[in-house]
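This report describes a single protein chain, beginning with the whole and moving to selected residues. Please keep the sequence and the structure in view while reading.

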Amino acid sequence: MLSSLLKPTLAIMVALAFAVPVQALESALSLKDIYASTVEQQVQPAAEDLQSYIDQMATALASSNISNLPSQYILLVDRNPKVQVAMLFWLDQEGQYQLIGASPVSTGRIPGFEHFETPTGVYAHSLANLDYRAEGSKNSKGIRGYGAKGRRVFDFGWQKAKKGWGDKIIADMRLQMHATDPGILEPRLGTVQSKGCVRIPGTLNFLLDHYSVLDADYVQGLAEGKKFWVLDKNRQDNPWAGRYMVIVDSGKEQKPEWAAYTAPAPAARKAVKAS
């Protein structure tokens, strides 16, 4: 199994190249238009909540002794069961955050055997834990846990998280961000469903992958002469790549109207993909 994960195939690369329409990344903020036109599942956070999230993100970064960052993208995830949304921000040279786009996600569902509560904190997407790609294989229930074949699995390494079963103590879990089964589980995004990882829409997975949005360390590695088979061979160069996923819990007790994502009917989804 491991050897098959370490070797890319032509089928995977072809699938990546034609997964969604590709647009040029002409500037850092042009990703906002690309997000709007290519990511199928989106929500629009209310202005007052958006500022609160920016404050929470800044506090989390400061608590992790991360400051004076250069301009870059940062992904914020609200694990709160009433929200379940990821927001991609652009940190500009003046230190101001601008929203690029937001989409429903699924984080850890507890209680549950072998389920963890998705941990809060700041997590670096580093070369210490190299990514890999989904094989697209189905489990005994016919579900492709990592999504369609070729989707990237972003690995944030072993992290401490609360168990959702047994003694419910803090233990080690592998924190990943990945796509999910497009037919069965993707329509459930926006609700807690995962075993602790962050599940995201397949089209958002493609955007983060193709435009090297969180690949600052990979970009640096390439500059040093390193090679990474996992990188999309047709990716867009991105001098503004970031490296952080920040996970917070807003503590909301009711689901905001803007976070109430409803998946389109299957026929509508097919129409979107065909356009």
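What does the accessible surface of the chain come to, and what share of it belongs to carbon and sulfur atoms? The surface amounts to about 13000 Å², and 53% of it belongs to carbon and sulfur atoms. The model discussed here is predicted.

## The chain as a whole

The secondary structure consists of 7 helices and 10 strands. The chain has 275 residues, of which 49% count as buried. Contacts across the sequence can also be described: among those between residues at least 6 apart, 69% join residues at least 24 apart.

In soluble globular proteins, nonpolar side chains tend to be buried together. In this chain, the largest nonpolar core has 33 residues, and those with the most contacts inside it are Leu31, Leu88, Met177 and Leu207. Several elements each supply at least two residues of this core, including helix 3 (30–38), strand 2 (85–91), strand 8 (170–178) and helix 5 (202–210). Strand 8 provides the largest share, 4 residues. A second, separate core has 25 residues, among them Ile54, Ala60, Leu61 and Ile74.

Which residues does methionine 177 touch, not counting residues up to four places away in sequence? They are Leu75, Arg152, Val153, Phe154, Phe156, Val198, Ile200, Leu208, Leu214 and Met245.

## Aromatic pairs

The number of aromatic pairs comes to 7. One of them joins tyrosine 53 and tryptophan 258 in an edge-to-face arrangement, with 6.3 Å from centre to centre and 90 degrees between the planes. This pair links distant parts of the chain, 205 residues apart: tyrosine 53 lies in helix 4 (residues 47–63), and tryptophan 258 in the loop between strand 10 and helix 7.

Why is the pair of tyrosine 73 and tryptophan 90 tilted? The pair counts as tilted because the planes of the two rings stand at 55 degrees, while the ring centres are 5.2 Å apart. Tyrosine 73 belongs to strand 1 and tryptophan 90 to strand 2, so this pair ties together parts that are 17 residues apart in sequence.

| Residue | Relative accessible area | State |
|---|---|---|
| Tyrosine 53 | 1% | buried |
| Tyrosine 73 | 0% | buried |
| Tryptophan 90 | 7% | buried |
| Tryptophan 258 | 13% | buried |
| Arginine 79 | 16% | buried |

## Surroundings of tryptophan 258

Tryptophan 258 is found in the loop between strand 10 (244–248) and helix 7 (266–274). Which residue has its side chain joined to that of tryptophan 258 by a polar contact of 2.7 Å? The partner is aspartate 49. Leaving aside residues up to four places away in sequence, tryptophan 258 touches Val43, Gln44, Pro45, Ala46, Asp49, Tyr53, Val83 and Val85. Valine 83 lies 175 residues from tryptophan 258 along the chain, yet their C-alpha atoms are separated by 9.2 Å.

## A buried arginine

Arginine 79 lies in the loop between strand 1 and strand 2. Is arginine 79 buried or exposed? With a relative accessibility of 16%, arginine 79 counts as buried. The side chain of arginine 79 reaches the backbone oxygen of threonine 118 at 2.7 Å. Residues up to four places away in sequence aside, arginine 79 touches Gln84, Thr107, Glu117, Thr118, Pro119, Thr120, Ile247, Val248 and Asp249.

## Helix 6

Helix 6 spans residues 216–223, and Asp217, Tyr218 and Gly221 are buried in it. Seen down the axis of helix 6, these buried residues fall within an arc of 100 degrees, so they line one face of the helix. What covers them includes strand 7 (152–163). Just after helix 6, glycine 225 takes a positive phi of about 95 degrees.

How values were computed: Residues numbered from 1 in each chain as written. Predicted model: local features only at pLDDT ≥ 70, side-chain atom pairs only at ≥ 80, totals over all residues. Heavy atoms only, no water. Buried < 20%, exposed > 50% of the residue type's maximum accessible area, 1.4 Å probe, protein only. Arc of directions from axis to C-beta. Contact = heavy atoms within 4.5 Å. Areas by Shrake-Rupley, 256 points an atom, 1.4 Å probe, with all protein chains shown as cover. Polar contact = N/O pair within 3.5 Å; in protein donor to acceptor, adjacent residues only side chain to side chain. Core = buried A, V, L, I, M, F, W, Y, C linked by side-chain atoms within 4.5 Å. Phe/Tyr/Trp six-rings, centres within 6.5 Å; stacked < 30°, edge-to-face > 60°.
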